[in-house]
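Subject: Structure for your review

Dear colleague,

Please find below the structure that I would like to hand over to you. I would be grateful if you kept it open while reading the notes that follow it.

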Amino acid sequence: MKNQTAQKLAMTGLMAALSYVVFTFLQVKIFLPGGDATSIHLGNAVCVLGTLLLGGFYGGIGGAVGMTIGDLLDPVYVVYAPKTFILKLCIGLITGFIAHRIGRISTETSHKKVLIFSSLASAAGLLFNVVFDPLVGYLYKLLILGRPAADVTLAWNIASTSINAVISLAVSVAAYMALRPAMKKSGLLSSYGSADRKKRLI
């Protein structure tokens with residue numbers, strides 16, 4: 001049990017590092033009026049992939065920590081760090097609930113069912129982000145910067161978040177389906193799935 005927990009923590013750290021690198025160095029940043037910015041990136045894809053592999057809690061934490069660090073080290077995004085942590089963790093929890101609690105993808109033997117549930121779970125988590133990331137960002141700007149600044153950036157944030165969601169869905173599901181056979185062969189996949197059920201973690 002201790003070895004299994006150590007493996008999960010190590011994988012969580014790996015996903016955090018990967019999400020940070022992907023978000024920070026592989027993003028296409030779009031600067032907006034007023035010194036704000038939005039970006040096209042694959043950080044959410046790493047968060048979802050980690051969730052499909054590790055479960056909702058560990059996968060969500062990995063993505064949340066990695067992208068929050070990315071925000072904290074970027075002067076443009078630093079103020080959004082708390083929002084990033086909460087929303088990325090929620091992506092993991094929602095995706096994990098559908099993928100592991102409902103779909104049981106870690107122990108499911110049907111390739112088709114795994115593909116369906118991993119796709120549905122990823123879509124649900126990313127759809128949550130499409131709705132709440134621009135919404136929370138808008139409310140923040142409305143309170144701090146006023147309505148004109150909030151209105152200017154809202155459409156751009158919705159567009160970039162939607163693009164990120166579509167790309168992240170395709171990349172995360174494809175990567176999971178590619179990695180799943182190797183993890184199943186090594187015994188990691190089934191152990192992660194059984195651990196989630198025993199701990200009642202999503």
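This is a predicted model: local features need pLDDT of at least 70, side-chain atom pairs count only at pLDDT 80 or more; totals for chains, interfaces and linings use all residues.

Helix packing

Two packed helices are described by the angle between their axes and the distance between the axes. I begin with helix α2 (residues 43-54) and helix α3 (residues 56-72), whose axes come within 7 Å and cross at roughly 155°. Angles over 145 degrees count as roughly antiparallel, and α2 is therefore roughly antiparallel to α3. The crossing of α2 past α3 is right-handed. On the α2 side the contact involves G43, N44, C47, G50, T51 and L54, while α3 contributes G56, Y58, G59, G60, G63 and M67. Sorted by class, this contact has 4 nonpolar residues, 8 polar residues and no charged residues.

Helix α2 also packs against helix α4 (residues 81-102): their axes come within 9 Å and cross at roughly 40°. Here, too, α2 passes α4 in a right-handed crossing. The residues that meet are N44, C47, V48, T51 and L52 from α2, and K88, I91, G92, T95, G96, A99 and H100 from α4. By class, the contact of α2 with α4 has 5 nonpolar, 6 polar and 1 charged residues.

In soluble globular proteins, nonpolar side chains tend to be buried together. In this model, the largest nonpolar core holds 30 residues, and those touching the most other members are M15, L52, L53, L54, I105 and Y176. At least two residues of this core come from each of α1 (2-25), α2, α3, α4, α5 (111-144) and α6 (147-186). Helix α2 gives the most, with 7 residues.

Is T12 buried or exposed? T12, which is found in helix α1, counts as buried because its relative accessibility is 8%, and the cut-off for buried is under 20%. Leaving aside neighbours within four places in sequence, T12 is in contact with L54, Y58, I61 and G62.

T153 lies in helix α6. With a relative accessible area of 3%, T153 is buried. Not counting residues up to four places away in sequence, T153 touches L32, D36 and K141. T153 and L42 are 111 residues apart along the chain, and their C-alpha atoms are separated by 21 Å.

Yours sincerely

Technical notes:
Residues are numbered from 1 along each chain as its sequence is written. Side-chain values use heavy atoms; hydrogens and water are left out. Axes are lines fitted to C-alpha atoms, for helices over the stretch in contact, and angles run from 0 to 180 degrees between N-to-C directions. Helices (H or I, at least four residues) and strands (E, at least two) are DSSP runs, numbered from the N terminus. Angles under 35 degrees count as roughly parallel, over 145 as roughly antiparallel, 65 to 115 as roughly perpendicular and the rest as oblique. A crossing is left-handed if the near helix is turned anticlockwise from the far one by less than a right angle, and right-handed if clockwise. Contact means heavy atoms within 4.5 Å. Ala, Val, Leu, Ile, Met, Phe, Trp, Tyr, Cys and Pro count as nonpolar, Asp, Glu, Lys and Arg as charged, and the others, Gly among them, as polar. A nonpolar core is a set of buried Ala, Val, Leu, Ile, Met, Phe, Trp, Tyr and Cys residues joined through side-chain atoms within 4.5 Å. Buried means under 20% relative accessible area, exposed over 50%, partly exposed in between (1.4 Å probe, protein chains only).
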